[in-house]
Structure formats: C-alpha cells, structure tokens
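Subject: Two-chain model, with notes

Dear colleague,

Here is the structure you will be working with, and my notes follow below it. Please read them with the coordinates open beside you.

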Amino acid sequence: MLLTITTTYQPATDLGYLLHKNPARAQPPTELSFGQAHVFYSEVSAERCSAHLLLDVDPVGLVRGHGQPQQYVNDRPYAASSFLSVALARVLREGLTGRSRERPELANTLIPLEFQIACVPSRGGEKLLRGLFEPLGYSVDAQSLELDERFPAWGDSPYFNLTLRITATLSSALTHLYVLIPVLDDDKHYWVGEDEVQKLLRFGSGWLETHPLREEIAARYLKHRRALTRSLLAQLEPDLESVDDVNEEIPVTEPAQSLHQQRLETVLAELRRSGAKRVLDLGCGEGKLLRLLMADKQFEQITGMDVSHRALEFAEKRLKLAELPEARRARVTLLQGSLTYRDVRLEGFDAAALVEVIEHLELYRLAALERTVFEFMRPRVVIVTTPNAEYNAQWQTLPAGAMRHSDHRFEWTRAEFTDWAKRVASSFGYTVRVSGVGLEDALVGAASQMAVFTLVGDSA
Amino acid sequence: MNIAIPELSLVVLIGSSGSGKSSFAKTHFKPTEILSSDFFRGLVADDENSQSATPDAFEALYFILEKRLKAGLLTVIDATNVRSEDRKKLVATARAFHVLPVAIVLDMPERLCLERNASRPDRQFGAHVVRGHVSAVQRSVRGRHLEREGFRHVFVLRSPEEVATVTLERTRLWNNLRHLRGPFDIIGDVHGCIDELRGLLEQLGYGLSNDLVTPPAGRTAVFVGDLVDRGPDTPAVLRLVMGMVAAGTALCVPGNHDVKLMRALGGKQVSVAHGLAQSLEQLALETPEFRSDVIKFVDGLVSHYVLDDGQLVVAHAGMKAALQGRGSGVVREFALYGETTGETDEYGLPVRANWAAEYRGSAMVVYGHTPTLEPEWVNRTICIDTGCVFGGKLTALRYPENALVSVNALREYAVPSKPLQPVQELLTQQQSLDDVLNLSDVIGKRIVETRLRGRVTVREENAAAALEVMARFAVNPKWLVYLPPTMSPVETSNMDGYLERPEEALSYYAAGGVERVLLEEKHMGSRAVVVIARDLEAASERFGVLDESGIVYTRTGRRFFGDLSLEQQLLERLRAAMTASGFWERLGTTWAVLDCELMPWSAKAQSLLEGQYAPVGAAAQSALSQAVAVLGQSHHVAELLERFESRLATVAAYRDAYARYCWPVQSLEDYRLAPFHLLATEGAVHSDKNHRWHLEELAQICAADLRGVLFTTQQLEVDLSSEASRSEAVRWWEALTARGGEGAVCKPLEFISHGKRGLLQPAVKVRGREYLRIIYGAEYTLPEHLVRLRSRGLSAKRSLALREFAVGMEGLERFVRREPLRRTHEAVFAVLALESEPVDSRL
C-alpha cells in the first residue's frame with residue numbers, strides 16, 4: 001500500500017510541517033497491528049515535494065492472526081484499504097486533523113495537491129472512482145491494471161492506480177481519502193458498530209451531506225449493515241426515507257417485487273380454492289409464502305422444506321417462529337430436505353407448492369423430483385410455477401439467451417412447460433391446468449407460468 | 001418342575017404382591033431381560049411404591065418393552081399382572097411384534113404373601129390389597145382363562161417348594177436354523193414337475209437313483225414350497241421331497257398350494273381350483289397311507305427358515321425383516337401368501353404389495369410364489385419361481401455362491417391366468433427402485449461400516465451441508481459410485497527455503513514398515529472421476545442410466561463439463577483407446593471407474609484465476625513495483641528498498657507459478673486427461689493390485705490414444721532400504737519441480753498398506769517449492785514467513801484422509817457387489833459430508 005502526497009505550493013518543503021515529518025531526516029517506522037508504516041520523501045525541493053506513506057503488511061500474520069482472510073493468496077497486503085486509513089490516522093495525524101504547530105495558517109490554506117494511490121480496488125470501475133471524487137472537486141486520473149498481460153483474454157483486474165489533483169487544505173483532502181479508500185474497497189478489516197457511524201458523521205461533516213453518492217458511501221463504509229446505514233442517513237439528513245433492503249435475493253431482472261408477490265398471491269389463491277388444510281411449501285426459501293399461509297386459518301399444518309440450511313434459519317427468524325405462542329408455533333414446521341430424495345416426512349399432505357423451484361434442478365434430475373412429489377408425497381393438489389422463457393425478451397437488461405438467475409439450470413417456453421406438465425399428469429394420475437402469472441404480453445405470454453395438478457378421483 | 005419357553009417370548013409373571021415374582025425373575029433371567037414395574041416407578045418418581053407414579057411408570061416400561069421386542073429380545077414383565085385388562089395389553093403388544101406370550105403364575109398362599117410384605121417396611125399397604133391380588137390370581141388360573149386371553153404357554157406354581165424346584169429351559173423356535181451354515185441349493189416352485197426337478201437336481205450335482213437323492217458333499221437342498229398342483233406328477237415330487245426331508249438332505253417350507261392340498265386331503269371344504277383337481281386325482285391313485293403321510297408332512301412344515309447365522313431367510317412368498325424369525329399367525333400368512341393390497345387386478349388376482357421394494361433387512365431373502373420369466377435381485381431379495389409348470393423353467397439359487405441354475409420346462413403343463421410378468425424393457429426392478437433414494441438414508445448422524453477402517457461416523461451438521469451440495473449440484477447418483485478422498489501433505493520439512501520435501505515422505509512409509517514406494521508426478525489440473533461404459537447398453541445394464549454412456553465428474557460430484565458435447569468427445573476418445581488396447585477383453589468388463597487429473601487447471605479454475613489468483617498477482621506486482629520505484633528515488637531507505645525488492649521477486653515467481661497451469665482451451669485437443677487409478681471394473685475393486693499394475697494398465701490405454709489427449713503419469717519406484725534409491729528419488733523430485741511440476745505423490749507400492757498402527761495413508765503429496773506459492777502466498781519463502789508456516793498440524797487432515805479413503809473404497813465395493821444403490825450412495829454421500837469437516841484448507 002502506497003500513498004504519495006505531492007505539493008507544488010512554494011516552498012514545497014513546508015509539506016513536512018503539515019505532515020509533521022521532517023524531509024531531511026529518516027523517519028522511524030510505526031508499528032501497527034498489521035505491519036509497519038513508513039514515511040519517506042523522494043522529491044524534496046522548494047518547487048515540488050513528494051512524501052510517501054508505505055505500508056509493509058505482514059501477509060502471514062494476517063491469516064494466522066484472527067484469520068480474517070482464510071487464504072494466504074489474498075490482496076490485503078497490497079490493495080489500498082482500511083489499513084491505509086488506519087495508517088493515515090496514526091502516522092499522519094497532524095496532516096489529517098489540520099493541526100500544524102509550525103505552520104498553523106498553512107494548514108488552513110488551499111494549496112495545490114496531488115495524491116497517487118497505488119492499487120485502489122474499485123469493483124464499480126472507473127465510473128465509481130469518478131463518481132466519488134469528482135463531486136468533491138478532484139481531477140481524476142485512473143489507470144486500470146490488467147489481470148495478467150500474458151493472458152489478455154482474462155481482461156482487467158478491479159484495481160486502479162489512481163491520481164487525484166485538487167487545490168484544497170491538506171486536511172480536507174486527507175479526510176476524503178480516509179473515508180473513501182475503504183468505501184472503494186467495500187470492506188473493513190475491523191468490526192463495524194455504532195461508533196463507526198459517529199466517525200463517519202465526524203469525518204463526513206461538510207461534504208458528505210451533499211455528496212450525490214452519500215447513500216452508497218454510507219452503505220459501503222458501514223459494511224452494508226442496514227440498521228447502521230439507516231441511523232447514519234437519518235442523522236445526516238433527518239427527512240430521508242429509509243433505505244431499501246440491499247441483500248434481497250430477487251433476480252435483478254425482475255422489475256419489481258410485484259411479480260414475485262403476484263406469483264405468491266396466485267399460488268395462495270389456488271391453495272385456498274383447493275380446500276387444503278395440510279400444505280407443503282417445497283423450496284420455501286426464506287419463507288415468503290409461508291408467511292402468507294400462516295395468516296390464513298384454513299391452513300392447519302404448514303410445512304416448509306428447503307435444501308438450504310441457511311435459508312431455513314433466515315425463514316425461522318423472519319417468521320419469528322420462536323416468538324409465536326405454542327399453539328400457532330405448532331402449525332408450522334421447517335425441514336431441511338431435497339426434492340431429489342424421497343422423504344416420508346413430506347407424505348400425507350393435502351397440497352404442495354413448488355414456487356420457482358424446478359428450474360434450479362438440472363433437467364436430468366427432474367425425473368427424481370417427479371417421482372418424489374407425484375408418486376410418493378402424492379398430495380391432492382400440486383402447484384408448480386416457473387419462469388416463462390419467452391418473456392425474457394421483454395427485459396431490456398437481460399442479455400439475449402440469458403436466464404433470469406445465475407442458478408437457473410433451464411427456463412422453459414410455454415409449450416415446453418405445458419408438455420412437461422401434461423406428461424407428468426398423465427404418468428402419475430393427475431389432471432393439470434396451466435396458466436400464466438404476472439404481466440401478460442400478447443405475443444410472448446406472461447412473465448411466469450403455473451401448473452395446477454389435481455389428483456384424479458379427487459372431488460374437492 | 002421344568003418350564004420350557006420359546007427363546008423369543010414375552011414372559012408375563014402373574015402373582016400377588018409378596019408372591020416372589022422378583023426373586024423368581026432374578027433367579028431365571030438376565031437382569032436386562034426383566035422389566036419390573038417397581039423399578040420403573042423408581043425411575044420416574046424416586047419411589048418404587050408410589051402408586052401415583054404407576055401410569056408414567058408403565059408408559060416408560062412399555063416404551064422399553066417395544067424396543068426390546070422390536071430387537072427380538074426375550075423380555076420378562078415383573079408386575080402383579082393380576083388384572084385381565086393389563087395382561088390383554090401385554091398379549092396385544094407381544095402379538096404386534098410376533099412374539100409368543102407366556103404366562104408364569106405364582107399362585108402363592110395369601111398368608112405367605114402377607115408375611116413377606118410385613119417384613120418389608122416399604123410395603124405397608126393394607127392386607128386387603130394382597131387379599132384382592134390373591135383372589136384375582138386364583139380367578140385367572142381357573143379353567144383355561146389365560147389361554148383364552150392369548151397366552152400360548154401357561155405355567156402355574158403353587159408353593160414356594162415348587163418354585164424352588166423350577167428349571168427353566170429356552171427352546172429354539174422352529175424357524176431358527178441359524179446354526180445351519182449351508183451351502184444350500186434353494187429350489188423354486190416345482191408344482192408337480194418331477195422331470196424338471198430331477199433334471200435340476202442332476203445339474204446341481206445331486207446323485208439320483210429312483211427316490212434316493214444324494215447331495216454333493218455338504219450341500220443341502222431347500223424347497224421354497226408349492227411342490228404340488230397343476231403339474232403332471234405331484235405325488236412323485238412329494239415322494240422325492242418328503243424322502244429328502246426325512247433323510248435330512250433337504251429342508252422345505254410350505255407353499256399356499258401345499259397347505260390347501262393338505263386341507264383338501266384332510267376333508268376340509270376348499271374350492272377346488274388352480275390345479276388342485278389334478279393333485280387330488282393323482283393322489284387318489286396313491287395309498288391312503290401315502291395321503292396321510294402327505295398331510296402329516298405339510299402340517300409339520302415350518303412357515304419359514306432363518307439360516308446361516310441369520311444371513312439367509314427362505315420363505316414361500318417372502319418375509320419382511322420385522323417378521324423374520326418370529327412366530328405368529330401373521331408370519332405364517334405372510335410366508336404363504338405375501339402381502340396383498342386388498343385390490344384385485346384385471347385378471348381377478350389379488351394385487352401383491354411390493355414388500356421387496358421396501359426391504360431393508362440385512363438377511364438375504366429367497367422366495368417363490370410369483371412366477372416371473374427371469375429372477376431379479378431386489379434389495380437383497382430374489383424370487384426364484386420361474387414358472388416351470390407354465391412352460392418357463394425351474395430355477396435354483398446356489399448359496400452362498402449366489403449362482404442361478406435352471407432347467408427349461410419340457411412343456412407348458414398349465415396355462416397361467418395372466419401372462420408371466422414380462423421382463424421390464426429398460427431397467428431392472430432394482431434399477432427402477434434406485435431412481436428414488438431415501439432422505440433418511442443420508443441425513444442425520446450416520447455411521448458407515450467400512451471394511452478398511454470399521455465404523456466411520458458422519459456428523460449431523462456435515463451431512464446437512466453435504467445434502468445441499470449433493471441435491472443442488474451432483475450428477476445422477478447412479479453414476480456417482482465413488483468420490484476420491486482428500487490427501488494429506490508430507491510432514492513439514494525443516495530444510496531452508498522449503499516447506500515440503502520428499503525425504504519426509506520416504507521416512508513416513510519406511511517407519512510404517514513399507515519396503516517399496518512409488519513417486520508419481522502430481523499433475524496440476526483438476527481431479528476428475530471418469531465412469532465409462534463400453535456402450536449405451538452396458539451403461540443401462542450396469543448403471544441403470546439410459547441415454548448416457550459415461551460421465552466425468554469432479555471431486556465433489558459435479559459434472560466436470562458444462563458443455564456436454566465436450567464430455568461426450570472426451571469419453572469417446574477414452575473409449576476408443578480402451579477398445580484399441582483390448583481393455584474390455586483383458587479385464588473382462590463392460591465398464592470402468594478411473595481416477596484422473598484433467599488439465600489444464602485453468603479449464604476448471606478460471607473463476608478462481610480471474611477472481612483470486614490473477615488479481616492478487618496484479619495487485620502485488622503493481623503495489624510492490626511502485627514501492628520499489630519510489631524507494632529507489634528516496635533517501636535513508638536502503639534497507640527498506642532491499643526488502644521490497646525481495647518481496648517483488650517472490651511476486652514474479654508466484655505469477656509464473658500459476659501461469660504454468662493455464663492455457664486456453666478451444667477444443668478437446670487442448671485438454672489432457674491423466675488417469676492414475678483404475679479403480680474398478682466388473683466384479684472387482686482393484687485395490688488388491690499394486691500401483692505398478694494400475695499405471696501399467698493405464699499406460700496401455702494412453703499409448704493407444706495417438707493424438708495425445710490421454711496422458712501417461714511419470715513415476716519412479718523407490719526401494720526404501722536403499723540409500724541410493726532414496727537419493728535418486730530426491731533428485732527426481734527436485735528435477736520434476738524445477739521444471740515447474742506441481743510436485744509428486746508418494747504412495748506405498750500396494751494400494752492398501754497397513755503399518756504397525758493400522759491403515760497407512762494411501763498417499764501423501766510432496767508439493768514443489770514454487771507451486772506452494774499458490775497455496776501459501778507469493779511471499780511465503782521469505783524466512784520470516786516460512787518459520788511461522790512450518791507450524792502446521794497434520795493430524796486432523798491425516799485422520800480425515802484415512803476415513804474418506806475407507807468410505808470411498810467401501811462405496812465402490814458395494815457397487816461392485818451389486819448392492820442396492822442406497823448402499824453405495826450412503827458411502828459416497830459420507831465422503832462428501834466428511835469433506836465439510838473443518839480442516840486447514842492449505843494442507
């Protein structure tokens with residue numbers, strides 16, 4: 001990690017007073033928890049003076065210490081990050097706070113400054129770099145680094161060598177860097193809590209309030225902890241609306257939650273109509289459908305199954321199961337399971353819903369799902385929804401031929417889904433009705449499609 | 001007085017408080033066999049006499065009782081049991097588990113009971129209680145009261161003197177022939193086909209002169225019943241089999257036809273159908289003595305037999321695990337008729353419930369009753385009725401060889417009311433069943449029995465983690481017959497500049513008593529397991545997979561190639577080389593499982609390269625070179641400059657290290673497949689061959705691939721007793737890694753090696769100094785880093801490697817033995833689950 005500070009203010013060597021580091025003398029290294037920080041000068045003249053802050057991070061210590069990075073091969077010793085901010089605050093404290101014993105008036109003077117920062121990670125690319133610094137008055141020169149010049153096909157790395165130029169007080173510029181370097185890195189090497197909110201309010205005072213990317217800055221600086229971000233923005237701008245959930249697991253291409261909501265409502269209506277009392281939500285995820293089912297007294301036994309243990313933990317929290325009174329708690333069961341294995345715990349139910357589930361299985365594993373659901377669980381009613389691939393063309397942001405979610409193994413056209421549904425119905429003794437769900441287009445049909453299977457001989 | 005009770009029974013002691021039940025129980029039964037109501041009162045209430053605790057005490061007692069009866073253990077109930085309703089509940093429980101209820105009544109004089117209670121300060125309930133007990137006991141032994149309640153044996157003891165003389169004898173159940181170890185020839189439904197029976201016996205090596213049958217030395221015939229009806233000569237068959245049973249050369253269980261014939265002969269009203277008429281006509285020509293012998297013979301037949309230490313069960317219509325070795329009406333009905341669903345099919349015949357599909361028992365079950373064209377194994381059960389009387393054939397199963405022997409019917413003697421069940425066109429019954437595995441066979445805490453390392457435990461949370469991977473990413477379980485184990489590195493070297501050196505590997509095996517080891521080049525690619533069949537037909541026959549003739553998958557069971565046509569091309573290439581090298585004939589197989597490395601690394605690891613290895617290299621290169629540049633222009637920083645120059649040098653070496661394993665792939669020709677284990681082929685897991693054999697076999701295949709996609713693994717055999725050989729090994733490794741090789745794998749020459757303390761590591765890896773930069777970071781070779789990195793614990797990794805190896809080989813062995821897929825899958829799933837145990841990922 002290397003930060004170079006250059007000024008052409010005359011005499012340029014006064015930079016030494018601002019930084020509280022004598023250009024004529026060797027500076028002893030500063031010991032930090034993650035390594036050493038060194039300050040030295042390359043160019044020292046009245047016209048131009050360059051100071052360098054160089055971090056020598058111990059790569060083995062990082063992993064063996066609290067074990068924050070799990071792997072020895074990581075960019076932490078090299079990429080500009082919160083380590084650099086910590087070093088700024090420790091080693092160049094006077095410069096950052098603008099307290100110069102020898103040149104107090106200079107510390108408050110706008111001087112021409114140039115900052116070079118080696119290896120700045122920016123997963124938002126050059127656009128983000130400019131978006132962060134240009135509104136603050138910097139001229140930005142960002143050079144991207146190739147991943148490996150021997151393999152041009154691999155493209156660029158997320159790192160930039162960044163040069164920033166501005167005429168400002170040294171203190172204000174270092175303050176910007178102190179905040180924005182970890183924002184670019186989108187990580188912190190230490191725990192982020194409420195005092196980090198206070199720190200950001202302090203360091204952001206006078207510029208963050210009006211920064212066009214303040215929400216993004218706040219979210220990244222606070223490690224995407226929603227409560228902290230909300231608290232900060234409320235203090236920064238008390239009339240601000242709350243921030244949207246950032247980690248929602250909804251495919252980015254679906255325009256609004258409304259499609260998913262619509263899908264759930266449609267499935268719920270079908271389940272109500274079926275008269276089912278004991279229902280299964282197969283692939284329940286974080287429990288959105290379960291929540292709807294729990295609100296309706298018709299459903300006496302509600303079982304949510306998912307293959308992901310983590311999703312079930314989320315569901316348990318979201319549905320606040322632990323806080324429900326015993327009688328209501330007993331209605332709901334969450335189980336880890338898989339649709340490719342027969343599971344006797346899932347047998348004997350009235351109805352089952354598979355909302356946006358089948359497309360997460362490889363086509364060659366669908367046969368197993370068909371048998372576990374239709375032969376063994378054998379509920380009276382089975383509801384299956386899946387995307388309508390034809391509708392994908394309606395989404396501008398979705399590249400042609402791409403699927404809606406990175407984990408989708410296939411997406412079917414209406415004809416493909418109908419064929420499948422009919423074949424399954426006839427081989428397992430069900431009748432089936434297929435329909436569209438969500439926004440309907442005259443040519444390509446609805447965004448999502450649904451099949452409702454009913455066991456033959458079932459009168460309900 | 002001698003009391004003889006069946007070895008598996010529920011013994012209900014009946015007697016007043018103070019009648020001496022507990023002493024009696026202690027005298028004649030093991031403490032663990034006795035469930036005493038007093039004891040359970042104590043358990044649930046800390047007071048053996050607390051009457052208010054009685055309901056809870058009995059609930060707990062019944063819970064244990066059911067567990068014991070389920071496990072087939074004789075159990076004694078030590079409670080007063082004086083009330084009829086209490087006993088009825090016990091009888092019902094015994095029935096539910098097909099265990100015989102036995103009553104032993106201690107009908108002691110009231111005075112004696114009172115005296116005994118008086119001497120016990122904890123039993124100060126009133127005399128009226130004892131009086132009530134005593135009169136209830138006396139009522140219950142009057143007439144055949146207890147027998148009517150359902151007790152099969154009732155013993156009444158009337159005085160302390162009589163109690164003192166009791167000897168207790170446990171009698172073997174009729175169906176328990178565990179002590180007979182075979183070998184057996186189990187013969188299917190004969191139905192009066194005497195010629196075919198004689199022919200079959202001859203083919204099995206039995207000597208026949210008239211009705212005298214001499215089995216080959218040590219062998220015993222076992223008839224699955226239905227000797228009679230429909231066929232041309234029921235009396236001759238009966239005469240022959242009855243003779244063999246009487247001579248002790250055969251066992252026989254009854255079939256439904258045999259029983260019905262017996263009842264008809266005995267004058268019972270039965271509907272004369274299904275060939276019974278023929279039997280009656282034929283027997284009418286026999287003497288009355290013979291007919292009465294037949295009645296006695298069939299009447300004396302035992303519903304089913306448990307043989308060979310419980311490993312073999314023979315019954316006419318099969319036998320569920322829960323009923324094996326038990327005695328009850330239900331057991332007998334099942335043995336004769338199997339289980340029916342209560343429905344009838346289009347031919348008016350009862351629809352049979354497919355108990356075999358659900359069978360999970362460890363005993364092999366051989367049965368008949370349902371004619372089929374070809375016998376098929378389903379979950380360790382097999383039906384060997386091949387419809388001889390309907391013009392099919394008469395079949396025997398040789399046990400323990402598990403070989404089927406048949407003779408064709410000379411003609412069709414009867415027309416079946418429905419056609420013999422046609423052989424399923426595409427998949428066998430077992431293969432169809434295997435399409436759906438049970439979740440309960442993989443989740444939760446599991447213990448896998450392995451041949452190599454005994455019981456291996458899989459923790460519940462690891463199984464849960466594995467479920468997600470298996471369900472979301474793994475290939476069809478029918479292909480997934482093996483997952484490779486993790487491999488431990490060698491002990492850490494103390495040589496300057498190194499973490500791993502071959503010397504430690506050689507010492508490890510030498511210390512384990514190994515004489516020869518092999519150093520194999522470790523390819524830097526991605527692990528690939530190749531399961532390949534000679535053709536589509538072989539794939540469907542052996543793996544039950546349709547439309548695919550092989551697969552390539554990763555060490556976590558994912559399909560290796562996203563592009564299935566590339567997978568097909570690679571399999572085609574390999575198949576062609578196997579065919580050209582005469583592999584199929586040489587190994588006598590139509591399929592093989594190969595453990596391979598597939599290169600380049602970049603083909604599979606592109607996202608790792610682009611997301612981790614290359615970015616870190618780019619960042620390090622840029623950050624450190626800029627630091628070196630500014631340090632070069634600065635003063636007072638000479639030492640720092642030197643330090644950053646040496647850091648920068650390591651980064652260049654790191655970037656070279658990964659670049660060696662990267663090359664672009666456009667077509668199959670850009671890939672390299674290096675097989676190094678020929679794991680299994682038909683009938684064999686090749687863990688009994690040494691690694692020289694493996695590499696030579698595989699080299700023959702590779703040599704047949706002229707275009708060089710198949711890649712032979714370099715190797716060096718080392719004699720550990722020779723210093724020269726060991727030095728040569730070190731030089732070989734140094735040269736290999738100097739050329740940029742990842743390193744070497746050191747294996748004992750034998751695939752499976754045991755040292756003084758058990759199984760040895762099947763292999764340890766010795767990674768090259770440069771390669772390890774990809775693992776420990778570019779700068780790891782700097783002395784201040786190396787000294788810390790040397791402290792690394794290998795024991796968790798080594799234990800894991802051994803457990804995974806044992807479980808992985810177990811899975812393959814089960815597959816080769818043609819066990820149901822769930823048994824193979826259990827092991828494969830366990831390997832995946834073990835992989836989620838936390839170990840140092842750098843090892």
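Which residues in α7(A) meet which residues in α8(A)? On the side of α7(A) they are A:Thr175, A:Tyr178 and A:Val179, and on the side of α8(A) they are A:Leu200, A:Phe203 and A:Gly204, where two residues are in contact if their C-beta atoms, placed from the backbone, lie within 7 Å. These residues divide into four nonpolar, two polar and no charged, with Ala, Val, Leu, Ile, Met, Phe, Trp, Tyr, Cys and Pro counted as nonpolar, Asp, Glu, Lys and Arg as charged, and the others, Gly among them, as polar.

Before going further, please note that this is a predicted model, in which local features need pLDDT of at least 70 and side-chain atom pairs count only at pLDDT 80 or more, while totals for chains, interfaces and linings use all residues. Residues are numbered from 1 along each chain as its sequence is written, and chains are lettered from A and ligands numbered from 1 in the order in which they are written.

To return to the helix pair, the axes of α7 (residues 170–185) and α8 (residues 194–204) of chain A come within 10 Å and cross at roughly 145°; axes here are lines fitted to C-alpha atoms, for helices over the stretch in contact, and angles run from 0 to 180 degrees between N-to-C directions. The crossing is left-handed, a term used if the near helix is turned anticlockwise from the far one by less than a right angle, and right-handed if clockwise. Helices (H or I, at least four residues) and strands (E, at least two) are DSSP runs, numbered from the N terminus.

Between the chains, the contact takes 50 residues from chain A and 46 residues from chain B, and the side of chain A that touches chain B has 27 nonpolar, 14 polar and nine charged residues. Strand β11 (residues 341–342) of chain A also runs parallel to strand β23 (residues 437–438) of chain B, joined by two bridges, and two strands pair if DSSP finds at least two bridges between them. In this pairing A:Arg342 stands opposite B:Asn438.

The largest nonpolar core has 267 residues, and those with the most contacts inside it include A:Ala352, A:Ile383, B:Val593 and B:Ala623. Helix α22 (residues 601–632) of chain B gives the most to this core, with 14 residues. A nonpolar core is a set of buried Ala, Val, Leu, Ile, Met, Phe, Trp, Tyr and Cys residues joined through C-beta atoms within 7 Å, and a residue is buried if 20 or more other C-beta atoms lie within 10 Å of its own, exposed if 12 or fewer, and partly exposed in between, with C-beta atoms placed from the backbone. B:Ala623 touches A:Met1, A:Leu2, A:Tyr78, A:Ala118 and A:Cys119, not counting residues up to four places away in sequence. Apart from this core lies another, of 65 residues, among them B:Val222, B:Val237, B:Cys252 and B:Leu307.

In chain B, helix α14 (residues 329–337) has B:Val331, B:Phe334, B:Ala335 and B:Leu336 as its buried residues, and these pack against α11 (256–265), β14 (304–307) and β15 (312–315) of chain B. Just after α14(B), B:Gly338 takes a positive phi of about 70°.

A cis peptide bond, with omega about -10°, joins A:Gln10 and A:Pro11, and A:Pro11 lies in the loop between β1 (2–7) and α1 (15–19) of chain A. The peptide bond from B:Gly182 to B:Pro183 is likewise cis, with omega near 0°. B:Asp229 has a positive phi near 80° and counts as buried because it has 27 C-beta neighbours inside 10 Å; B:Arg230 has a positive phi near 75° and is buried, with 24 other C-beta atoms within 10 Å.

Finally, chain B holds an open sheet of five strands in the order β26-β37-β34-β27-β33, with mixed pairing. Its edges are β26 (488–489) and β33 (715–719), each with a single partner strand, so one side of each is left without a neighbour in the sheet. β26(B) pairs with β37 (residues 764–767) of chain B in the parallel sense over two bridges, and B:Pro489 stands opposite B:Lys765 there.

With best wishes
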